[in-house]
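Let's take a friendly walk through a protein structure together. Have the sequence and the 3D view ready as you read.

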Amino acid sequence: MPRSLLRALVPLLLCALLAGTTAACGGDDKDSGAAPTSTVERQKLAKTRFVANAGLAAGATYQWIVKPYRAGTFASGADGRRFALIKAGLAGAFTYNRLKAALRNAKGDPTLAKAVAPLTAGVDALKDLPSKLRKGDSTESVVKSFDGAITKVKDAGKDAGAEVTNKVPSAGELAKG
């Protein structure tokens, strides 16, 4: 059997298996023994997810945007400039994605939601900046925008009791977004 056919069939078989086992279990939640998540647990998970996503965004920004910029790698004629700008563009898209996720996570905790609500517009403004980084356009202002957004998110998290620390994502995580 060709490998491509196997790759196509495996997910289908797994889906069919899952569908069959869930149908056999019955649909009544009362009998399943699963307890609903409490508000306190939901809020704790919201903070945890916020910290994880914001930490990944902060780590990517520092490692692939701020640090190379400070080292002069984005300057015209610098060795490795093109590759650094491509990585910075990927990091910018990754950062935007993780910050959006962090803001969604923050909605699960009232204190955190209030703290980060004013940051939504600033994060939304980052959406088009990764393409500018890849092209090498306005690198100084783009770097300052990303660094400023990260600082504000970290400060808001700290004020709400959810301290964010940088967590540098792997190159694979960066590529996946």
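Begin at Arg70, a residue that is exposed, because its relative accessible area is 61% and the cut-off for exposed is over 50%. Keep in mind as you look around that this is a predicted model.

Which residue does the side chain of Arg70 meet in a salt bridge? The partner is Asp147, and the N to O distance is 4.0 Å. This pair links distant parts of the chain: Arg70 belongs to helix α3 (residues 39–70), while Asp147 belongs to helix α8, and the two are 77 residues apart. Asp147 has a relative accessible area of 28%, so it counts as partly exposed.

Why might such partners come together at all? Side chains of opposite charge can pair when their charged atoms come close.

How many salt bridges does the count come to? There are three, so let's visit the others, because a salt bridge here needs a side-chain nitrogen of Lys or Arg within 4 Å of a carboxyl oxygen of Asp or Glu. Find Lys144 and Glu140, whose closest N and O atoms are 3.1 Å apart in their salt bridge. Both residues lie in helix α8, four residues apart, which is about one turn of the helix. Lys144 counts as exposed, at 52% relative accessibility, whereas Glu140 is partly exposed, with a relative accessible area of 42%.

Now move to Asp124 and Lys100, another salt bridge, with the closest N and O atoms 2.5 Å apart. Here too the pair links distant parts of the chain: Asp124 sits in helix α6 (residues 120–124) and Lys100 in helix α4, 24 residues apart. Both are partly exposed: the relative accessible area is 33% for Asp124 and 23% for Lys100.

Helix α4 (residues 81–106) packs with helix α8 (residues 139–159) at an angle of about 30°, and their axes are 12 Å apart. That angle makes α4 roughly parallel to α8, because angles under 35 degrees count that way. The crossing of the two, α4 and α8, is left-handed.

Which residues make the contact between α4 and α8? On the α4 side look for Leu85, Gly92, Thr95 and Leu99, and on the α8 side for Thr139, Phe146, Ile150 and Val153. Sorted by class, the contact of α4 with α8 has five nonpolar residues, three polar ones and no charged ones.

Conventions
Residues are numbered from 1 along each chain as its sequence is written. This is a predicted model: local features need pLDDT of at least 70, side-chain atom pairs count only at pLDDT 80 or more; totals for chains, interfaces and linings use all residues. Side-chain values use heavy atoms; hydrogens and water are left out. Axes are lines fitted to C-alpha atoms, for helices over the stretch in contact, and angles run from 0 to 180 degrees between N-to-C directions. Angles under 35 degrees count as roughly parallel, over 145 as roughly antiparallel, 65 to 115 as roughly perpendicular and the rest as oblique. A crossing is left-handed if the near helix is turned anticlockwise from the far one by less than a right angle, and right-handed if clockwise. Contact means heavy atoms within 4.5 Å. Ala, Val, Leu, Ile, Met, Phe, Trp, Tyr, Cys and Pro count as nonpolar, Asp, Glu, Lys and Arg as charged, and the others, Gly among them, as polar. Buried means under 20% relative accessible area, exposed over 50%, partly exposed in between (1.4 Å probe, protein chains only).
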